[in-house]
Amino acid sequence: MEYLKFILYGLIQGLTEFIPVSSTAHLKVISVFFGLDDPGHSLSAIIQLGSVLALFYYFRNDIFKLKSQYSKKVFDYLFHQKLIMSIFIGTIPIILVGGFIKLYGPYFFDKIFRSNLSIALVSFFMAFFMYLADSSKKGFINLVNHKYADSFLIGLAQAFAIFPGVSRSGITISTALISGWERADAAKFSFLLGIPAISIAAIVEFISSFNEFFSLNLLPLFVGLMTAFLSSLLAIDFLLKYFTSNGLKLFIVYRVVFGFLILLNL
């Protein structure tokens with residue numbers, strides 16, 4: 001039973017971290033639905049590391065093929081330098097907002113915004129926001145011609161993903177689309193921007209609840225971590241391929257249904 005519980009946690013984390021439906025909300029709500037304990041900050045943070053590893057693995061060519069000063073193509077070198085700086089700029093807002101909440105409002109945040117009612121309402125709001133994004137005109141901004149202001153705006157939107165139910169991928173992709181990004185590059189930049197954001201969040205949560213780690217069974221935890229890694233790879237690959245051709249419509253409908261199901265079970 002312990003292994004099945006951790007496998008379920010890993011599947012929920014991996015499949016919902018990158019599909020725009022909110023992994024935090026699903027970890028909490030589905031755990032309650034199956035009669036399981038809320039995984040808590042420590043366990044959530046550790047399993048989240050599986051998603052971070054999946055990002056590194058899936059985008060390994062983008063990460064490790066950064067051109068050195070010996071690059072034969074100056075354009076490639078400049079492009080990768082710009083992308084690194086854009087990810088850095090886009091990460092600043094979530095560090096500031098996350099740090100503020102961690103220092104000054106953890107009790108209020110957990111009490112209000114982790115409630116099922118709040119998650120349901122946020123799910124409805126995000127469905128509407130994603131609908132506006134999906135209805136926007138075809139974009140012209142991409143990874144090559146974007147400006148640092150574009151990456152900062154998406155990073156500012158990413159900071160709101162701290163609230164359960166928002167979905168980091170959902171709000172960053174939607175903001176990019178409304179700003180005029182091309183679909184494929186909007187999704188790719190969202191994932192690349194998620195590498196430092198998810199890593200920092202997981203590390204901070206793990207450190208802050210370090211004592212809980214010793215009460216966890218390591219082997220089932222490892223199984224959950226690997227489940228999150230594998231399911232995250234599937235989710236990343238699915239979204240990049242599906243979203244480019246079909247947009248956000250499927251996920252918009254899902255978020256509305258998810259919100260109503262939560263309200264019906266309050």
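Student: Which residues does Ser232 touch, not counting residues up to four places away in sequence?

Tutor: This is a predicted model, where local features need pLDDT of at least 70, side-chain atom pairs count only at pLDDT 80 or more, and totals for chains, interfaces and linings use all residues. Residues are numbered from 1 along each chain as its sequence is written, and side-chain values use heavy atoms, with hydrogens and water left out. Contact means heavy atoms within 4.5 Å. With sequence neighbours up to four places away set aside, Ser232 touches Gly14, Phe18, Ser51 and Ala54.

Student: Is Ser232 buried or exposed?

Tutor: Buried means under 20% relative accessible area, exposed over 50%, partly exposed in between (1.4 Å probe, protein chains only). Ser232 has a relative accessible area of 0%, so Ser232 is buried.

Student: How far is the backbone oxygen of Ala228 from a polar atom of the side chain of Ser232?

Tutor: Ser232 lies in helix H12, residues 218–246. Helices here are DSSP runs (H or I, at least four residues), numbered from the N terminus. From the backbone oxygen of Ala228 to a polar atom of the Ser232 side chain, the distance is 2.6 Å.

Notes:
Helix = DSSP H or I, 4+ residues; strand = E, 2+ residues; numbered from the N terminus. Polar contact = N/O pair within 3.5 Å; in protein donor to acceptor, adjacent residues only side chain to side chain.
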